[in-house]
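Have the model open as you read.

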Amino acid sequence: MSVARCSILVLGEDSGEGAHQTLVALAKKILRLVDSNYDWQHIRFEPPEDPSIRLVLRGNEWKNRNHPKRRDLMGYIATKLLEGDRSFVLYHIDGDRTWAARETSENVEKFRDFIQIDVRRFIEHRLRQSGRAPVGELTLSQLLLVPYYRIEAWLFQNTRAGARFCEENPACQGKHVAMFRAWAEDRSILDEVLKPKEQVCLKGQYNRKLAEGLDVDDVAAVYYARKSLHHAVESLHQNAALLAALAATRPA
């Protein structure tokens, strides 16, 4: 059994069955673009185990300052970040806009305020209580995955599997195959599709399978389309602690 050399608490706004496994599978592929030689078997990907935390993770509930569990989420994130420089929190939020209209989305700005103001205060309070040194720049602001419009903009890039699932759906019988083929031809299209989950018969039914089956070359092609996935990867590249932690997982 591999020994974990770093750990990542994986949080996201999707609450459906298999949502955590979907996000972990996607994260493993994305991190390959950050360090092509890292070994995910030496990373412990942690789920949100506290039921009260899962309540506030749903949708954009973290934005609701009156949510009774919002402070619990702040403490949960703070606890993970205080574990050390090999501990991270990776958070997925949807842009809820197309990539072209990303400047009109409030989600990223509000999330950064949530981390840099609310969670930071929580951490600084704990540090003062323990007599430890003040915290520096929080790494969480750079471990953020924001697909536009929603996470299906990345998952549906597994176009071969998507088309197959569509063909196998007796209620659809392949009506959306041409759409998947168009997305395969131009990897930038999906970032401009409003509510992609509503455009095809799959909805979110196969999200985990789509994430787990994403081909490395397809992920790279989406990255070079220079839209939301490219932006996410470049942000991860700026995190020196993450780069060092990934490097530590490489085979000897």
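## The largest pocket

Which element gives the most to the lining of the largest pocket? That would be α1, with 5 residues. Before going on, keep in mind that this is a predicted model.

The largest pocket holds about 590 Å³ of space. Its lining runs to 31 residues, and D14, S15, G16, G18 and A19 are the ones that lie nearest the centre. If you want to trace the lining by element, look at β1 (6–12), α1 (19–34), α2 (51–57) and α8 (207–212), each of which supplies at least two residues. Sorted by class, the lining of the largest pocket comes out as 11 charged, 11 polar and 9 nonpolar residues.

## The overall fold

Now zoom out. The protein chain has 11 helices and 4 strands. Its radius of gyration is 18 Å, close to the 18 Å that the globule rule gives for 252 residues, so the chain is as compact as a globular protein of that length. Taken along the principal axes, the C-alpha atoms fill a box of roughly 65 × 50 × 30 Å.

## Where α9 meets α10

Next, head for helix α9 (residues 216–224) and helix α10 (residues 228–237). How do their axes cross? They come within 6 Å and cross at roughly 95°. The two helices are therefore roughly perpendicular to each other.

On the α9 side, the residues in this contact are V219, V222 and Y223, and they meet L229, H230, V233 and E234 in α10. By class, the contact has 5 nonpolar residues, plus 1 polar and 1 charged.

## A closed cavity

The largest cavity has a volume of about 50 Å³.

Its lining is made up of L26, I30, W154, Q157, L214, D218, V219, V222 and L229. By class, the lining of the largest cavity divides into 7 nonpolar, 1 polar and 1 charged.

Some names turn up again here. V219 and V222 of α9 and L229 of α10 take part in the helix contact, and V219, V222 and L229 also line the largest cavity.

How values were computed:
Residues are numbered from 1 along each chain as its sequence is written. This is a predicted model: local features need pLDDT of at least 70, side-chain atom pairs count only at pLDDT 80 or more; totals for chains, interfaces and linings use all residues. Side-chain values use heavy atoms; hydrogens and water are left out. On a 1 Å grid over the protein atoms alone, a cavity is a set of points where a 1.4 Å probe fits but cannot get out, and a pocket is an open set with protein on both sides within 12 Å along at least five of seven lines; lining residues have an atom within 4 Å of a point. Grid points are joined across faces, edges and corners, and a volume is the space filled by probe spheres set on the points. Ala, Val, Leu, Ile, Met, Phe, Trp, Tyr, Cys and Pro count as nonpolar, Asp, Glu, Lys and Arg as charged, and the others, Gly among them, as polar. Axes are lines fitted to C-alpha atoms, for helices over the stretch in contact, and angles run from 0 to 180 degrees between N-to-C directions. Angles under 35 degrees count as roughly parallel, over 145 as roughly antiparallel, 65 to 115 as roughly perpendicular and the rest as oblique. Contact means heavy atoms within 4.5 Å. The radius of gyration is taken over C-alpha atoms; the globule rule is 2.2 Å times the number of residues to the power 0.38.
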